[in-house]
Amino acid sequence: MSVEGAGPAAGDREHGVIHDIGYRHYDGPRLGRSYIQRSLFTESLKGSYGFGRAARTKVMPMLLLAAMCVPTLIIVVVASVTGGDELPVGYTAYLIQLQVVIAVYVAAQAPASVSRDLRFGIVPLYFSRPMRRVDYVRAKYAASATAVFVLLAAPLTILFLGALLTEMPLGEHLPDYLRSLAFAALLAVVLAGMGLVIAAFTPRRGLGIAAIVSVLLVLAGVQTAAQNIAVVEGADTAADYLGLISPFSLVDGVAHDVFGTDTVLWGEPPGAVGTAVFVAVTVLLVAGCYGLLLRRYRKVTGT
Amino acid sequence: MSDQATPATGASLIRTEGLTKRFGTVTAVDGLGVDVAPGVVGLVGANGAGKSTLLKMFLGLLTPTSGRASVLGLDVATEGERIRERVGYMPEHDCLPPDMSATEFVVQMARLSGLPRTSARERTADTLRHVGLYEERYRPMGGYSTGMRQRVKLAQALAHDPQLVLLDEPTNGLDPAGRDEMLGLIRRIGTEFGISVLVTSHLLGELERVCDSVVVIDGGRLLRSSSTADMTAVSSVVVVEVDAGEEDLAARLRRDGLGVERVGRLLEIGLRDDGIYDLVRDGAADLGIGLVRMERRRHRMAELFAARHDEGGDVRVG
């Protein structure tokens, strides 16, 4: 189609040539719903870290990812100098200590994923494709949970690799690392669900961010304060159950009982009943978030 | 609504029978029966006439309260997903994320229609070129003008090479030049691309120019449905414009036995036979009047609204 050097009429010709190519029909394969769902999942996951978006949308997630990872490098360096078989901080303990960073990431990412689609009228356009509402909700939930999991798993992996490089015993660190990954996965599913639900009901992105940060941090704060009061008052069982209040302590409790991680926040689910209650609350929370999301999109057909 | 349309089932682009949609007590679409042949079809109606509701039912996104509709031979109530595989939709409202480039967005929409990644990229490049978006397609869409945004919206509707595109008010917000370009594109989609088009507008004049047939609805009811050629056919009135002395000319022509009416500065003469052109010419020459213009008048689609409930049942299109 090159018409370079075609003489004085090159400008006109070039325009003409572009039109002369004509319309080409597509007769290749058209893939089904599972491909479409996967496509939306990948796109949303990339979007959670600002890939395929304007440059400035990469800043926030990258800063937060750095905030999660940089301290682990320092920890690894310190550990290599001091030696010994243990890292100065446990895997899950590290994540809990950075719960503010995690909460901020969830708060920034969930609205960017769903509020954006609602606010700019993209959802009705999605549904004009061979995609069902349930496909949309599943893809968005999975993408969001994966994005949070990446944020959590990255520093854990650096800690683990650091431990191996400083020749700490693999036999002790590998199980701990795997358990902490399970913890991270569960935390990611819980946090992503809560974040998406709040974001899906607050189409204004700024409001969504504020709402999610406050819900997550206030719950964590209330949980800690109430638990401390209960301990001081000597109500130990009550104190243990207060772990249900915050998603962080909730997941901490479940992970302790189910995966065998060390509890970081004070207390643990009391006995078998406690375990059952913690697990049940987690399952209900996740199922509830999923159900609410489905409800939220049931009526969307466009404005 | 009539049943006379039954024979052409296979060739129908869109067919509805008694199609009705109610939202609570509001009836958005009321017993609509049309049978539209492939081509560029205009859907005309004032704001709130039920056009967008109708498009959403055609996409299978809204379930009809009663009645039936099929698009490309597929039932909207039961085969919505298969319809949406073959149909492209350009919504009236804004639907572009400002933080993405046109390329990224159209690729995504093509993939969400089931195209594999590489095909989606190729089709995106093609489609954006066809709608006339070049270098700016790599920039975030937040900074686009209304004209560019409308082009991207059109491109995403075409990205998966549909058999039919539903365009909801595509000329909204465009300046006259942008409007002309958009209408030209719509015409090309129907002719060069070989994709049928259903385009809505509240402006009759613009659809008159690009559509093969037009469906006019008002208050969710069918006013008229026929080919553009029928609607704008020449009428039996000759319009004559002169520079002065129209009253003298009128009097003279009446003496010649013609039915003449004065409408402002124009004379409207009932067409009896071709001889009246000679009579007008001779009359003007004898009276020394300058003849500015003499032509058969065409029906304007706008007259449909004036004529609204006089004729309703004429259903078969094109």
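**Chain A meets chain B in a predicted model**

In this model, 37 residues of chain A are in contact with 43 residues of chain B. Between them, chain A and chain B bury about 4,000 Å². Carbon and sulfur atoms account for 53% of that buried area.

Polar interactions also join the two sides. Between chain A and chain B, 25 residue pairs are in polar contact, with both residues at pLDDT 80 or more. Three salt bridges are found across the interface of chain A and chain B. One of the salt bridges links B:Asp99 with A:Arg116, and here the closest N and O atoms lie 3.2 Å apart. On the side of chain A that touches chain B, the elements giving two or more residues are helix H1 (10-20), helix H2 (33-48) and helix H6 (122-127) of chain A. Of these, H2(A) gives the most, with six residues. Sorted by class, the side of chain A that touches chain B holds 18 nonpolar residues, 11 polar residues and eight charged residues.

Turning to chain B, the domain assignment divides the chain into domain 1 (6-231) and domain 2 (234-298). Taken over C-alpha atoms, the centres of domain 1 of chain B and domain 2 of chain B are separated by 44 Å.

The average pLDDT of chain A is 88, and 91% of the residues of chain A score at least 70. Among the elements of chain A, helix H7 (residues 133-165) has the highest mean pLDDT, 96, while H1(A) has the lowest, 48. Residues 1-14 of chain A have a pLDDT below 50, and this stretch has seven contacts in the model beyond near neighbours in sequence. H1(A) is also one of the helices that give two or more residues to the side of chain A touching chain B.

For chain B, the average pLDDT is 86, with 89% of the residues scoring at least 70. Confidence in chain B is highest in strand S8 (residues 164-167), at 97, and lowest in helix H11 (residues 302-306), at a mean of 59.

Note on methods
Residues are numbered from 1 along each chain as its sequence is written. Chains are lettered from A and ligands numbered from 1 in the order in which they are written. This is a predicted model: local features need pLDDT of at least 70, side-chain atom pairs count only at pLDDT 80 or more; totals for chains, interfaces and linings use all residues. Side-chain values use heavy atoms; hydrogens and water are left out. Domain bounds come from an automatic or database domain assignment. Contact means heavy atoms within 4.5 Å. Buried area is the accessible area (1.4 Å probe) that two parts lose on being put together, summed over both. A salt bridge is a side-chain nitrogen of Lys or Arg within 4 Å of a carboxyl oxygen of Asp or Glu. A polar contact is a pair of N or O atoms within 3.5 Å; within protein, one must be able to donate a hydrogen and the other to accept it, and residues adjacent in sequence count only if both atoms are side-chain atoms. Helices (H or I, at least four residues) and strands (E, at least two) are DSSP runs, numbered from the N terminus. Ala, Val, Leu, Ile, Met, Phe, Trp, Tyr, Cys and Pro count as nonpolar, Asp, Glu, Lys and Arg as charged, and the others, Gly among them, as polar. pLDDT is the predictor's confidence in each residue, from 0 to 100.
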